Amino acid sequence: MMQKVILSALILCFPILVAAQSQVITIEDAIEIALENNYQLKQAENNLSISELQELSAKADFFPSLNANVNRGLNIGRRFDTETTGQFVDVTTNNLSASLSSNIDIFNGFANINNLRRSREITASREELLQRVRENVIFSTASSYLDYLLSSQLLEIAKENLQTSQSQLEQIEAQVEVGSRPMVDLLNQESLVANNELDLVNRENEVDLARLSLIRILQIDPLGEYEFVIPDIGQGSAVPINYDLGELVGAALENRADLRSEQRTILAEEYQVKVAKAQYYPTISGSASIRSNYSDLSMLSYTDQFFDQNVARSFGISLSIPIFNRLNARTNVEIQKINLKNAELGLENTRLQVIQEVNQAYRDYLARVKEVESTQRALDAAERAYETELQRYEVGASTLIELSLANNAYVQAQASQAQATYRFIFQEKLLDYFIGRMDENISLESY
């Protein structure tokens, strides 16, 4: 008996345990998760790590190289023995040699200096690209979250509309039973309820699709249980700001990380041209080495040979003057100059694109402001019209068709106003994105 009681308690608690496993996600949480999981952001971080390693390598080029070499040999052959037999004899000879050498570039046309500067600019460029990828992730996540919120809002409107039409159906059924309403009103209302049920199914499907899209952007388990928090976005959420287009364009040209990245790339290409020109200059390098060897043919001991008698040291400076290298240096310089021109063309194209994007986003923002204002007026008028038509229908001064038309207009006005509000918020975020001031501290409740 006790086992049955425990089993029953577990069964009753199981839905609570399952529900407790559902992960609650706000828009701030969603952005944090996306920044942690996004593969493009991880690739950008890896590319930055490569640049940092290349910069470290460029710094190391200023230091001298140091190499050790050890050779161990065994020679087997015949040689003429002049000391004892006076004949050719088979001889096995053991040899050991070792050396330590170092080289340093004293002057190479400033190639090392310019290569280091180039590496630093490439690192800075990829840091800016990493920032832009972060902004892309934040924007795409916020946009997807807004799509989910809009779909959820439209679903709530569909639910409320279905409840209203079902309540009206119950009233009409009662009125038909007592003969105060014709049967055709009941049939029309049943058709309206069926249509509202279909609209609800479609809205539920849209919510599911928006939810799956958001989960895909967050790159989390699509089979997991998630509860996305819907912030309170009321009618007063869409508060327009008087932007100045010139100031927006100026801010974008200053803030856009992708634009700054290309500016850094141009500096890197300029240093690359200087690195290529270094091939025109003479090079001066210094070298030093110490070497020793041992052979058992000698009568001296290993210690005397290897650490005393056979030790040799050398120091030197070499000068290399390029006279003709089959036009390789000149060709390389010209190629780097062309790469520099292409980078400058890319920067100018990006600058014009930034101006165009900000301009278009600003025009769309103004349109969204007007859309919010007009849909709000339309919603207020549709609500008053529906309430008036409902009162007239209840006293028998209006038909069901007129009431249905007023209800449809009211529902459509609600949907249009909700869409306009979310489009306004999205457009404001889009404007922030094009200006280059996106960050993870996004709270839709602040609207």
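1. A residue is called buried when its relative accessible area is under 20%, exposed when over 50%, and partly exposed in between, with a 1.4 Å probe and protein chains only. By that rule, 36% of the 447 residues of the protein chain are buried. The model is a predicted one: local features need pLDDT of at least 70, side-chain atom pairs count only at pLDDT 80 or more, and totals for chains, interfaces and linings use all residues. Residues are numbered from 1 along each chain as its sequence is written, and side-chain values use heavy atoms, with hydrogens and water left out.

2. Overall dimensions. The radius of gyration of the protein chain is 40 Å, whereas a compact globule of 447 residues would have one near 22 Å. That radius is taken over C-alpha atoms, and the globule rule is 2.2 Å times the number of residues to the power 0.38. Along the principal axes, the C-alpha atoms fill a box of roughly 145 × 80 × 35 Å. The accessible surface comes to about 26,700 Å², and carbon and sulfur atoms hold 53% of that surface. Accessible areas come from the Shrake-Rupley method with a 1.4 Å probe; for residues, only the protein chains shown count as cover.

3. Secondary structure and contacts. The protein chain has ten helices and six strands. Helices (H or I, at least four residues) and strands (E, at least two) are DSSP runs, numbered from the N terminus. A contact means heavy atoms within 4.5 Å. Among contacts in the protein chain with a separation of 6 or more, 80% join residues 24 or more positions apart.

4. Helices α4 and α10. Helix α4 covers residues 111–177 and helix α10 residues 400–435; they pack at an angle of about 170 degrees with their axes 10 Å apart. The axes are lines fitted to C-alpha atoms, for helices over the stretch in contact, and the angles run from 0 to 180 degrees between N-to-C directions. The two helices α4 and α10 are therefore roughly antiparallel. The residues in the contact of α4 with α10 comprise 17 nonpolar, nine polar and four charged. Here Ala, Val, Leu, Ile, Met, Phe, Trp, Tyr, Cys and Pro count as nonpolar, Asp, Glu, Lys and Arg as charged, and the others, Gly among them, as polar.

5. Helices α6 and α10. Helix α6 (residues 245–255) packs with α10 at an angle of about 50 degrees, their axes 8 Å apart. This makes α6 oblique to α10. For such labels, angles under 35 degrees count as roughly parallel, over 145 as roughly antiparallel, 65 to 115 as roughly perpendicular and the rest as oblique. On the α6 side, Leu248, Ala251, Ala252 and Asn255 meet Leu431, Phe434 and Ile435 of α10. The contact of α6 with α10 has six nonpolar residues, one polar and no charged.

6. Asparagine 114 lies in helix α4 and is buried, at 8% relative accessible area. Not counting residues up to four places away in sequence, asparagine 114 touches Tyr271, Lys274 and Val275. Threonine 123 is also in helix α4, and its relative accessibility of 5% counts as buried. With residues up to four places away again not counted, threonine 123 touches Leu48, Ser51, Glu52 and Glu55.

7. Glutamate 269. This residue is found in helix α7, residues 257–277. Apart from neighbours within four places in sequence, glutamate 269 is in contact with Gln336, Asn339, Leu340 and Ala343.

8. The loop between β6 and α9. Isoleucine 323 sits in the loop between β6 (312–320) and α9 (328–394) and is exposed, with a relative accessible area of 80%. From C-alpha to C-alpha, isoleucine 323 and tyrosine 280 are 8.6 Å apart in space and 43 residues apart in sequence. Arginine 326 is placed in the loop between β6 and α9; it is not a glycine, yet has a positive phi of about 60 degrees. Its relative accessibility of 66% makes arginine 326 exposed. Leucine 327, in the loop between β6 and α9, has a positive phi of about 65 degrees although not a glycine. At 48% relative accessibility, leucine 327 is partly exposed.

9. Valine 372. Helix α9 holds valine 372, which is buried at 10% relative accessibility. Valine 372 and alanine 174 are 198 residues apart in sequence, and their C-alpha atoms are 40 Å apart in space.
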